[in-house]
Amino acid sequence: MRRAVWLPLGCGALLALAAFPPLIRLAAVTLSPASLAVLASPIARAALLHSVAMGIVSTVLAGVLGTVFAVLLTLTDLPARRTVAFLFLLLLIVPPQITAQAWIVLLGPSSPLLAPLGLAPRPGSEPLYGPGGVAFLLAVEQAPIVYLALRASLAAIPADLIEAAQAAGAGRARQIGLALELARPGLLGGLSLSFVAAIGNFGTPALLAIPGRYPMLTTLIYQRLTGFGLGSIGEAAALALLLALLALAGASGEALMARRRATAPGRVARLALGRWRRPAAAMVGMTLAGLLAAPLAALLLTALLPTLGVQPDAATLGLGNFRSILAAGATRRALLDSLVLALGAGVVLAALLVAVCHAARRARAARALLAALEVPYVVPGLVLAIGCILVFLRPIAGITLYNSLGIILVAYLARFAALARRPLGAVMATLDPALEEAAAAAGAAPLPRFATVILPLALPAAVSAATLVFLAAFNELTVSALLWSAGHETLGVAVFNLEQAGEATRAAALSVVAMVATVALMLGAGVALRGRRLLPWQA
Amino acid sequence: MRSLLMLMAVSLLAAAPARAGELTLYTSQPNKIAAETVAAFEKADPGVHVSVFRSGTTQVMNKLGAEFMAGRPKADVLLIADAMSMQALKQQGRLLPDPGQDVTGFAPGTYDPGRTYFGTKLITTGIVYNKAAPFVPHSWKDLLRAKARGQVVLPSPLYSGAAMITMGAFTENPAIGADYFKKLAAERAISVAGNGGVLNQVQSGSRAFGIVVDFMALNAKAKGAPVGFVFPREGVTAVTEPVAILKTTRNAKDARAFVAFLLSPAGQRLAARQGFIPARQGIAPPPGFPSAGPIHLMTMDIGRILKDSTRLKQQFSDLFGG
């Protein structure tokens, strides 16, 4: 069978060009025996241990939560599945610092819930500061990632297989077990991404691990960079190398454990929950209320207050924060820029990775590229950003990317390729080669074959991939914090700047606006693609 | 030799064409304040357009550092929170001296004797307390009282320049003592990254006391937050938000005009309207602030704090984990 080699080759080359030069340049400039010595220090060992522990614990928790939701929403007759799926994905768009902040207040000494009951912890003994809180909040952030990756694989299981098991007398639990066994590539993809996301996460440890005096790799790197200046960039790069190796280990674990199976998507099986339908629905409702509604209510309340700590009543609540942020030209620009960047990164990455993931079945080079793309996802955004400045400050072939949206887009392509790969990789790996062979036997040339056979089958996974990237990029902060420039702001930076200036209520208002914009966009996409079963919440 | 120098000068000029009317400012001022400052300057000096990059002092320094490394710094003027970062840049030879700048009315400690950087205001660090706090503090030592145990939140010198200066000044002040931070840590004080985070914790009642910069606390109080702010009796530390011109500027003329505007009575009155204590004597402080007289500023040696900063940061990081 003849193959279109140049297509995956070109796509892979583009990805590699965006992803690796900044990191290679930075490593070349900064790594030396002296800077590598930091790896032997006790604080680095403690941070490594803590990061691995948090990665494993949060991934187990996120795996349970994400799997329960994926099974219930993809395979069963749970009521209001679309709405629940939509709400569960919203967990991804609530910025982690908002969730953390809301839970700090909810479980803190002045908790509106616990204080009246006399259950509020004494100041200085809050449960969230430290490993428990970090693992819990990381798990909440990562559960939708596991869900998205697993769902793509579950949806690709032919109904006939499940129904055959049912006919052979298998109970509900056995049928679900069988489905999970068949969807193993997706589950492993989700778990490995969750682990990689956990060890690379900075926002949640910054809020909970630093006050809890629990050093982790990302907070340690950030500390070196911000506290000890660019003189210690070598140490930061050495620590980032450690993170990169961990991420590669996580990704290769996935590759080793995933056995490929040939499936061809068709009708999806639908198990009747029977007498478990109501309890399951109640459990789902309570989980969503706790994880989504509580932080969102706290955020909205904050956004309506003139400043934190004011008693909410008719005289104090108002829309002043919304008026003032929407009146500022820079905020409107930031919203628009983040929208363009997130959509652009999502669409470009999904398109490039369809070709590369397809080639990864056969080509070792493509598999190696996919594994290496974990690295820019897991190194701290600050490290990636400094690498980008080193490479793109001077014009390349007459084009200066620095001080334009272009440099942020390139950095996002590098940053989020690992996210986009999971749903695509899992589905592409299970695609039955017979389909393509049949098309080839019928005389279809490589390119039309790709366009008419592979693309339609990959489309739902590609949309999942683009959605994941969009949701992650829309609020992105650590990369763009160094790369934005006058006239090219991003939303994450705008919120961060307000928070830094002590304007917590305006920052909350801007977060609310951003979330409303995202939800409107998701609903709009749902209307535009009605009945096509392409979006992750249309299962 | 002379022709070689000429050649170098010519090639430098060729590499960096002057850009009359265009200035790039890197600053750690909050967005709104930076925008007001730039607008006021552009009004006073029409024909000059200023582009702004704003972030925390450490991010600004990281961006600038990466630009130095790549060999082409983009900023002309720098306006950041503390003199320490400026002193470091001066020692690396990155700043353009401006001996002609008029410093009448500025106390000697507020500007560099070598005239490379100039303080524009006084941002003091004191104690913010929640109205529900068990007592109103008057002294830094009050934060070590048993009633304040577990109730104190402070900014990290790893993230905040003002916090670094405070730690440095406390360490060399016998009235407070070098082991002050060790005692705070033993009393279960917690550290968050920046001043904004400290204020959030105290405003929302998670902690009763915070060490924080004056204007944030007083602005929140003016908006109705249940907080108060005290200038403790041992004195307060201050950062001066200095302004400086980079040696690599491509528009020294307009850069000097920008610095002169910030130091002028008009620029200083703007700072007061924005809620800061002006560095220039004889300009009235904003409402809510005691006039400059009763505020007792601790003495400090910027050069020495800079020299000790790595050790102090390490000590803080060991004590508070961040």
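Mentor: In this predicted model, chain A has a radius of gyration of 23 Å, which agrees with the value near 24 Å that a compact globule of 539 residues would have. The C-alpha trace of chain A spans about 70 × 65 × 50 Å along its principal axes, and its secondary structure comes to 25 helices and 0 strands.

Chain A is divided into domain 1, made of 1-25 + 320-539, and domain 2, which covers 31-285. The contact between them takes 45 residues from domain 1 of chain A and 49 residues from domain 2 of chain A, while the centres of the two domains, taken over C-alpha atoms, are separated by 20 Å.

About 4,000 Å² is buried between domain 1 and domain 2 of chain A, with carbon and sulfur atoms giving 73% of that area. Across this interface the rule finds 0 salt bridges, and it likewise finds 0 residue pairs in polar contact with both residues at pLDDT 80 or more.

On the side of domain 1 of chain A that touches domain 2, the elements giving two or more residues are α17 (364-372), α18 (374-378), α19 (381-392), α20 (405-430), α21 (433-441), α22 (446-474) and α25 (504-528) of chain A. The largest share of that side, 9 residues, comes from α20(A). Sorted by class, the side of domain 1 of chain A that touches domain 2 has 30 nonpolar, 7 polar and 8 charged residues.

Technical notes. Residues are numbered from 1 along each chain as its sequence is written. Chains are lettered from A and ligands numbered from 1 in the order in which they are written. This is a predicted model: local features need pLDDT of at least 70, side-chain atom pairs count only at pLDDT 80 or more; totals for chains, interfaces and linings use all residues. Side-chain values use heavy atoms; hydrogens and water are left out. Domain bounds come from an automatic or database domain assignment. Contact means heavy atoms within 4.5 Å. Buried area is the accessible area (1.4 Å probe) that two parts lose on being put together, summed over both. A salt bridge is a side-chain nitrogen of Lys or Arg within 4 Å of a carboxyl oxygen of Asp or Glu. A polar contact is a pair of N or O atoms within 3.5 Å; within protein, one must be able to donate a hydrogen and the other to accept it, and residues adjacent in sequence count only if both atoms are side-chain atoms. Helices (H or I, at least four residues) and strands (E, at least two) are DSSP runs, numbered from the N terminus. Ala, Val, Leu, Ile, Met, Phe, Trp, Tyr, Cys and Pro count as nonpolar, Asp, Glu, Lys and Arg as charged, and the others, Gly among them, as polar. The radius of gyration is taken over C-alpha atoms; the globule rule is 2.2 Å times the number of residues to the power 0.38.
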